[in-house]
Amino acid sequence: MKSHIITATPTDADGILPTAGAEVARPQNFRPGLFLHDLWVLAKARVVSLLVFTAAVGEILAPNALIHWQSALAGLLGIALAGGAGGVLNQIVEPDLDQHMRRTLHRPLAEGRISRRGAIVYAALLMTAAIAILAWGTNPLTLILTLAGTVGYGVVYTLYLKPSTPWNIVWGGLAGALPPL
């Protein structure tokens, strides 16, 4: 059931490289509501909301929280965007695995509603916005910790730890603990 596909150019089987002479995929029965929902799911917004919540609690408990409310909001927005980028990176790596797990088989990449290339562009946009907001509105430490959490989850945890060790959950939790820090 493919309702829409994000592609800029024709792609090969894994959705990354252009294929000579291929036709560009066109949306079929495109529904904006479903597309926005797919972007929401792709960014793992429910999980990211937990990161933002724990970071918000940390912000509220910080000394002089009301004085620095603009930096706090910038931090929360940056954390949300970076967390979303990490969620997208996680799904870019695992669409084949997601197709075989009951919990994940209906994800947008697993069902082909969003292409791998489209997901890469989406992750890059989310991460670029996160970096810009954190660099402008917070401090270097917040930026570095947020980037470390995103790379830790989206790359290190997903590519190396998850398939190789049962301790992966500890390292994944560490990536999730960085936003409140």
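Residues 24 or more positions apart account for 69% of the contacts in the protein with a separation of 6 or more, where contact means heavy atoms within 4.5 Å. The model is predicted, so local features need pLDDT of at least 70 and side-chain atom pairs count only at pLDDT 80 or more, while totals for chains, interfaces and linings use all residues. Residues are numbered from 1 along each chain as its sequence is written, and side-chain values use heavy atoms, with hydrogens and water left out.

**Overall make-up**

The protein has 8 helices and 0 strands, and its pattern along the sequence reads α-α-α-α-α-α-α-α. Helices (H or I, at least four residues) and strands (E, at least two) are DSSP runs, numbered from the N terminus. Of the 181 residues, 39% count as buried. Buried means under 20% relative accessible area, exposed means over 50%, and partly exposed lies in between, with a 1.4 Å probe and protein chains only. The protein exposes about 10800 Å², and carbon and sulfur atoms supply 70% of this area. Accessible areas come from the Shrake-Rupley method with a 1.4 Å probe; for residues, only the protein chains shown count as cover.

**Nonpolar cores**

A nonpolar core is a set of buried Ala, Val, Leu, Ile, Met, Phe, Trp, Tyr and Cys residues joined through side-chain atoms within 4.5 Å. The largest such core has 19 residues, of which L42, V88, I92, A119, Y122 and L126 touch the most other members. Helices α1 (32-42), α3 (69-93) and α6 (116-137) each supply at least two residues of this core. The largest share, 7 residues, comes from α6. Leaving aside neighbours within four places in sequence, A119 is in contact with L42, V88, I92, L109 and I114. Another core of 5 residues lies apart from the largest one, and A55, A56, L76 and I79 are among its members.

**Salt bridges**

A salt bridge is a side-chain nitrogen of Lys or Arg within 4 Å of a carboxyl oxygen of Asp or Glu. The structure holds 2 of them.

| Salt bridge | N to O distance |
|---|---|
| D38 and R113 | 2.7 Å |
| E111 and R113 | 2.0 Å |

The side chains of D38 and R113 meet in a salt bridge. This pair links distant parts of the chain, with D38 in helix α1 and R113 in the loop between α5 and α6, 75 residues apart. D38 counts as buried because its relative accessibility is 0%. R113 is also buried, with a relative accessible area of 7%. E111, by contrast, counts as partly exposed at 22% relative accessibility. Salt bridges that share partners join D38, E111 and R113 into one network.

R113 is also among the contacts of R107, along with K44, N90, Q91 and D98, when neighbours within four places in sequence are left aside. R107 is found in the loop between α4 (95-98) and α5 (108-111). R107 counts as buried because its relative accessibility is 13%.

**Helix α7**

A pair of aromatic rings is described by the distance of the centres and the angle of the planes. Rings of Phe, Tyr and Trp (its six-membered ring) pair if their centres lie within 6.5 Å; planes under 30 degrees apart count as stacked, over 60 as edge-to-face and the rest as tilted. By this rule the count comes to 1 aromatic pair. Y153 and Y157 form this pair, which is stacked, at 5.3 Å centre to centre and 15° between the planes. Both residues lie in helix α7 (residues 140-161), 4 residues apart, about one turn of the helix. Y153 is partly exposed, with a relative accessible area of 23%, whereas Y157 counts as buried at 10%.

Helix α7 also takes part in a surface patch. Patches are made of residues with over 30% relative accessible area and no salt bridge: like charges are joined within 9 Å, nonpolar side chains (Val, Leu, Ile, Met, Phe, Trp, Tyr) within 5 Å. V93, V151, V155, V156, L159 and Y160 form a nonpolar patch with about 480 Å² of accessible area together. The largest share of the patch, 5 residues, comes from α7. V156 lies in this helix and counts as partly exposed at 38% relative accessibility.

T142 lies in helix α7 as well, and T142 is partly exposed, with a relative accessible area of 23%. T142 and G78 are 64 residues apart in sequence and 9.3 Å apart in space, C-alpha to C-alpha.
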